[in-house]
Amino acid sequence: MSPNTISVQPNKGGVHLEAKNVSTATGSEVTPFPGGALEIDEEQIVGSTGALLLQKVPGKMAVIGGGIF
């Protein structure tokens, strides 16, 4: 819309957001641990999609990696 304004159109309706800086994340792919040291089982060890599907926020959580930006 402009250098500082974007239009977001979710399933119903839409909004205009104005910000100094905008970053768009279009998806992710989990990189396996070297040598299969840990299995990403999406229960105890979760990838980004598994984290979004957690039923509740854990009391403690370690995040490894943060992607390339």
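The following legends describe close-up views of a predicted model.

**View 1. The pairing of strand 1 with strand 2.** Strand 1 covers residues 5–8, and strand 2 covers residues 15–18. The two strands pair in the antiparallel sense, with four bridges between them.

**View 2. The hairpin of strand 1 and strand 2.** Six residues lie between the two strands of this hairpin. Gly-13 belongs to the hairpin and takes a positive phi, near 75 degrees.

**View 3. The surroundings of Ser-7.** Leaving aside residues up to four places away in sequence, Ser-7 touches Met-1, Val-15 and His-16. Val-22 is 15 residues from Ser-7 along the chain, and the C-alpha atoms of the two are separated by 12 Å.

**View 4. Glu-42 in a loop.** The loop that contains Glu-42 runs between strand 2 and helix 1, the latter formed by residues 48–52. The phi of Glu-42 is near 60 degrees, a positive value in a residue other than glycine. Because its relative accessibility is 37%, Glu-42 counts as partly exposed.

How values were computed
Residues are numbered from 1 along each chain as its sequence is written. This is a predicted model: local features need pLDDT of at least 70, side-chain atom pairs count only at pLDDT 80 or more; totals for chains, interfaces and linings use all residues. Side-chain values use heavy atoms; hydrogens and water are left out. Buried means under 20% relative accessible area, exposed over 50%, partly exposed in between (1.4 Å probe, protein chains only). Two strands pair if DSSP finds at least two bridges between them. Contact means heavy atoms within 4.5 Å.
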